[in-house]
Structure formats: C-alpha cells, structure tokens
Amino acid sequence: MVLTGALLAFSTHAQTIHSPNGRLALSFALSPAGEPTYQLRYGPKTVLQPSRLGILLKDAPGFASGFRVERLDSSQHDDIWTPVWGEVKSIRNHYRELAVTLTQTTGPGRQLVLRFRVFDDGLGFRYEFPEQAKLTYFVVADEHTEFNLPADHTAFWIRGDYDTNEYIYSTTRLSEVGPATYRPTPEISTQTPIAGSAVQTPLMLRSADGLYINIHEAALVNYPALQLLVDGPRHGLTSTLAPSAAGPDSKAFLQAPAHTPWRTVVVADNAPAILASKLILNLNEPCKLPDVSWIKPQKFVGVWWEMHVNKGSWSYSDATNLKLADTDWSKLKPSGRHAANTANVKRYIDFAAKNGLQSVLVEGWNVGWEDWFGNWKEDVFDFVTPYPDFSVAELQAYAAARNVGLIMHHETSGSVTNYERRMPAAYDFMRAYGYAAVKTGYVGRIIPRGEHHDGQWLVNHFVRVAEQTAARRLMVDMHESVRPTGLHRTYPNWLANEAARGNEFNAWSQGNPPEHETILPFTRLMGGPMDYTPGIFQIQLDAYAPQNKGKQVHTTLAKQLALYVTMYSPLQMAADLPETYERFADAFQFIRDVPVDWDDTRVLAAEPGDYLTIARRAKGRDAWFVGSITDENARQQPVKLDFLTPGRRYQATIYADGPGADWQKNPMSYRISRQVVTSRSVLNLRLAPGGGAAVSLELVGAK
Ligand code: NOJ
Ligand code: CA
C-alpha cells in the first residue's frame, strides 16, 4: 500500500524536522492504523513519498501497526572528528535528531523507538528496542522498511543475493529491475539470488529532475545485511534481510536493549556531492581502539596475479581428496607450479624494497589448497602450516632486513566454524613471524551450513575478526565479506574489503565492462574502501599463459593508474607482476608516487556509469594527485587546477592514454608528459574509450 501525502495531514503526531541548512525535511506520522510512516523532501522535491516502517517479529506477530506515540524528543549535534586515515583530514558531524517512542495499543503494549537523524546530505534512521518486560529475547522474522520513490528513477543496481555481491551492474529504470534485466554472471562461485525483483544496497538512483539518491545502511553489527525488494510499477522498495540457518522466518536474534543498523538515504542535487558525503561514517561509532599508532595505510605487491593468470598455482601438488590432519605434506610430490615458494617471495620483497612499497601479500603459502573449494568441507586449512617450500622464518628475516612488511592470507573457503576455532592460534602465529596484516577470504558456501555471507552470524563473525586482529595489532582486508557500512571508523585496522566485483574478474571471466569503475564509487564504495587490485599493465592476458587467450582487462593502461585516485582505499595493491612493472618503469613511477592517505579530496566531475574525475591532496604535504576515468566512450575532460595553492608552481606529470589508445583495440598505448602549472592552469585530459588519465602535481623543486 502506498500512503498518500495527504494522509499525513490527518494522522496524529505528524512531526517534521529539517536538516541544519533547512533543505532536507523529514516528516514522521502514524497512519490511521497506527503504522509508523516517514517521508523525505529536498527543497520542493519529493525524495521519498510516505513510506511505512515496520519490524516483523517471529513469535509475536504484528509489530508494524497499532502504535501510539508515547513521546517525541528532538535534539541536535555538531562536532568535528579526525579519522585515523581517509579521504579528508577532518569530518563534520552535524545533524538534527528526532526520536519517536511508540507503544503498541494492542497485545502486551511493547515499545519501539524510531530515531531519525537529518544531515545536510541525507537521512539516517534506525529501530531501537528499549529494555522492557514484554520484549526480552526476540527473533526478527523480517524488516519491512519502505522507500517509496515518487517516480520511476534510473537505478544503478546489482541483483539481490544473500551470498555474493560480485555482479556486473545494470542501469535501468526501477520498473525494469527483474529477471529480464539481470545480467548473466555464471562465473560467480556461490550465489543465492533472491527470488523476484530484488537489488542490493548501496543502491544508486537518479531522478529525471536531477536528484541523486543513495540508499544503504551504516554500522551493520549483530543484524543481517539489507536487501531491497522492488515493486516496479509503484517504484517502491521494501527491505528484506538474509535468513539464518534456523529458517526463513528467523533472520535476527536479538536481546533488548537492541537496535538495527542505520538505514541511510544520501541525497544531493549533483553526483559529486554523493561521493563527498560522510553521512555513513558519521553514523558509525567513534574509534574503539585505544592505540592506533600501528595502523599504516599502505601499498603492496603480491604473489597473487600470477595465479589468477595461470602462471602458477596456489597448491603445491596435483594430489586431490586430501584430509588436512592425515596428510604428510612433506611427502607430497610438488607440481612445479607452486608460486608461494621462498625464492619467488624474495623476488617480490626485493621489488617492494626497491620501489618503496610497504608490503608483500603471499597467497598459497599454507597447506590445504589441493582441494580447497567446492566440497563444502569443514577442515580445509589450519592457517599455521606452510608448504614445504615456503620458509616462514627465512622470509621473516629477509623482509625485516629490507624493511618490508608481510601480509598473510587466510582463505577460509567459507568454512567459518573452522576459522573461528583457529583464529587465535593463526593470529598468534602471524605475530610470531612478523606479519602486520591479514587478507581473509570467504569463497564458497558457508559453514555453519545454512548460514549466508549476509546473515547475522557472518556479520558478527566479520566484527569478531576486526576485534581479534586489533587486539593483536593486526590490520585486516576481507574478501567475500558482507559489503561495508562504515565500520572502519570504529575499527580503523579494518583497512578494506572486497565485497564487489574486483579487477580479478578480468582474468578469468567475461570481465568488468569499462563503465564498472565509474559505478563502484556510487555503490559499493559508499560503505568503505575496496581492495579492487588496480595497476594491471599487461592488459592482454595471453601474454602470460596461452590458456588466457581472449582474456583482457577492460580498460587502458592509463586508466589503471587513474584508479589509484578514483577508487579510494588506504590499502592499494600494485597488482601486476614485478617483471611487467620493470618493462613499464616510467608508468610505474605513478604507482610509486601516489599516496594512500589524504588531507583533502575534491570530486571535480562525476556521473555514475559515465565518468569520474577526482583530485586529492597528499597527507601532510602540498602535493595533489588527479585521477580521471571514462566508460566505453572517449571524452575530453578539462581539469581546472584552482585547488592548488595560489602563487605556487607545481610540476605536473600527466600519464595519459597515448595515440590510438582504446581499451579493446590498443589498450597499452600511453604517453607521459610534464609541464609547470599554477592554480590558474587548466589541463585538458583526453580519455580514450575505456581510458583514463592520472596526474601528479608536486611543488617545483620538491622532488
Ligand atoms: C578470491 C579473492 O578475491 C582473491 O583475491 C583470492 O586470490 C582468491 N579468492 C583465492 O583466495
Ligand atoms: Ca555509460
């Protein structure tokens, strides 16, 4: 049912609060049936029509209507905080708040609090369950939060799924979301698509009258991830949650006092403002870690891409059907293709040391890779036993002597019970051997069987990993995790996640279309940094192994450089092979130079699905870096350098698409040029189809 705007006028306790600048207006009201409803306006425009709010409880049905307003509390907040790392030096948290306490007039008279925060850049709200005799332990059967859009907006979306977010984006009208427009993605290993028409958050929307709207959630803890059912004809969205192993009507197990994550609606009248929003971070709790001095944004190389492009393997042997505990790994016959061997890792350490990269990731170092995937098997890895050709102690000494850090890899293959059991020993092992960071992975179906990547159990697991690593001063990067919701404010050791379709898909699937990286910042990155693994220079992958024939990265080489600026992350991989970077040392210079931590960020031009240009100022020094990317269409992108300090001269080094560059026909053509510029200069960047440009701006005489 859609409630009409007029209904609000008749209902009791209609309340409106405005954002600090007065432009956004949130109205709350009860319908005649006692259903909580809200609507949102941006100046004269409707963002959300009256939309119902409701939680369905399993053993106590009817927690969505029959309410009366008990009390209304309003307040405001304004402060500035400093992130441990990020896109900007400091963040203002400025909002007006309305808390509505509701009591049910039917049944035992249970209470619910709805808390709304209205910022200049959007709305956050959540359900709170105060401590009360009538509601102690309870099970949420589902959540029906509506987001009723006033018109059939353009949506940038991936399909709803409880286990994966590694889909290609579709751009359609909301009314067109559905099986006919689901883009085929057979290469995803574990999918649990939601029946009917459903999309995941962050969902990006654009209205015909120029509003940009992003719907997601903040501070996802102890609750399943949000998904949205789409009612196309009505252009309405209704939330639904991932189920637990206990069944489809048992989604969240809570004990009052408790609350849901924040539901977020970021709103602006231009696309760059969506990317500049800090609303999701502001709705997260402040940093919980007493000491953060050991947390270091960093760039890394890794024994990684060579496996994805079939030059080597994670496994040590060709044996199969091995049992972790019963196998004498020292007796296995080596296949000769094992990439994580001591000599090869030393080569990466040397490369990192020579080029000022902070660390080296090693995948395939530990026993279990012979049949790690697809068996839904509990005991796959122990995370402490290296293969015979990988010397942990020798590599510790070798890396330390060269001042290079090591990143350990923990692929759980979805067996999370096994990982939970072994985490303390695994993290102690990391500390003992000098590892500062871990990349975790959750490929495959989840154990406990019946649980999902997006369910409450896994959501809690990811937070436990953040806490347990933090307790041992370890940084973490999670792959195949639930999509982030700003929790890196609270746990800044949680540097990045994958949780979307990364660059790696270009190695072994239909790949990512050239528009992909222009959409990700408006969707997946709204909740936090992504380990996208940019920096692939050898675009055509059959150069690495004949079986990669026809496989290529769907960008130009210059666009791969631009991604270091357009895809913000404090953890950036230089993903290609050292020998490839040696071949293109002049282009690699940009990866050496580009920072991973920033004092300022300016989104200069952006349109989801089409193009993106961002300038960022390096942490603690007067140097700027610009990244500019396009989709499959060539573009001219003027860049006014008026963000530079007036009166100073900067050396601009421009890494651009070269003559004839084209992501398909000629992706590796690039040209590097230099010129001296000031705050009055304008650069005219020419972006090839599927191309991009990267620019460093250093004070003249600084380097
Ligand atoms: C998928 C991850 O995204 C990738 O980075 C990793 O190499 C493989 N799983 C193996 O764990
Ligand atoms: Ca486009």
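Me: How do you know that Arg501 and Glu187 form a salt bridge?

Reply: Their closest N and O atoms are 2.5 Å apart. A salt bridge is a side-chain nitrogen of Lys or Arg within 4 Å of a carboxyl oxygen of Asp or Glu, so Arg501 and Glu187 qualify. Bear in mind that this is a predicted model, where local features need pLDDT of at least 70, side-chain atom pairs count only at pLDDT 80 or more, and totals for chains, interfaces and linings use all residues. Also, residues are numbered from 1 along each chain as its sequence is written, chains are lettered from A and ligands numbered from 1 in the order in which they are written, and side-chain values use heavy atoms, with hydrogens and water left out.

Me: What makes domain 1 and domain 2 separate units here, and where do they run?

Reply: Domain 1 covers 2-282 and domain 2 covers 298-594; the bounds come from an automatic or database domain assignment. Their C-alpha centres lie 33 Å apart.

Me: How much area do domain 1 and domain 2 bury between them?

Reply: About 4,200 Å², with 60% of it on carbon and sulfur atoms. Buried area here is the accessible area (1.4 Å probe) that two parts lose on being put together, summed over both. On the domain 1 side, Trp85, Glu166 and Tyr169 lose the most area to domain 2, together 19% of what that side buries.

Me: What polar links cross that interface?

Reply: The rule finds 2 salt bridges across it. There are also 27 residue pairs in polar contact between the two domains, both residues at pLDDT 80 or more. A polar contact is a pair of N or O atoms within 3.5 Å; within protein, one must be able to donate a hydrogen and the other to accept it, and residues adjacent in sequence count only if both atoms are side-chain atoms.

Me: Why does the pair Arg52 and Glu146 tie together parts that are apart in sequence?

Reply: Arg52 forms a salt bridge with Glu146, with the closest N and O atoms 3.1 Å apart. Arg52 lies in strand 4 (residues 45-52) and Glu146 in strand 11 (residues 146-148), so the pair ties together parts that are 94 residues apart in sequence.

Me: Why is Glu146 called buried?

Reply: Buried means under 20% relative accessible area, exposed over 50%, and partly exposed in between (1.4 Å probe, protein chains only). Glu146 has a relative accessible area of 5%, so it is buried.

Me: What are the labels for Asp379 and Arg421?

Reply: The side chains of Asp379 and Arg421 meet in a salt bridge (3.4 Å, N to O). Asp379 is at 28% relative accessibility, so it counts as partly exposed. Arg421 has 51%, so it is exposed.

Me: How do you know that Arg621 and Glu698 pair up?

Reply: Their side chains meet in a salt bridge at 2.8 Å, N to O. Arg621 lies in the loop between strand 30 (611-618) and strand 31 (623-630) and Glu698 in strand 36 (residues 692-699), so the pair ties together parts that are 77 residues apart in sequence. Arg621, with 34%, is partly exposed, whereas Glu698, at 7%, counts as buried.

Me: What makes Trp376 stand out in its backbone?

Reply: Its phi is near 50 degrees, a positive value in a residue other than glycine. Most residues other than glycine have a negative phi, and most peptide bonds are trans. Trp376 lies in the loop between strand 23 and helix 6. 

Me: Which peptide bond is cis, with omega near -5 degrees?

Reply: The one from Thr201 to Pro202. Pro202 lies in the loop between strand 14 (198-200) and strand 15 (203-206).

Conventions
Helix = DSSP H or I, 4+ residues; strand = E, 2+ residues; numbered from the N terminus.
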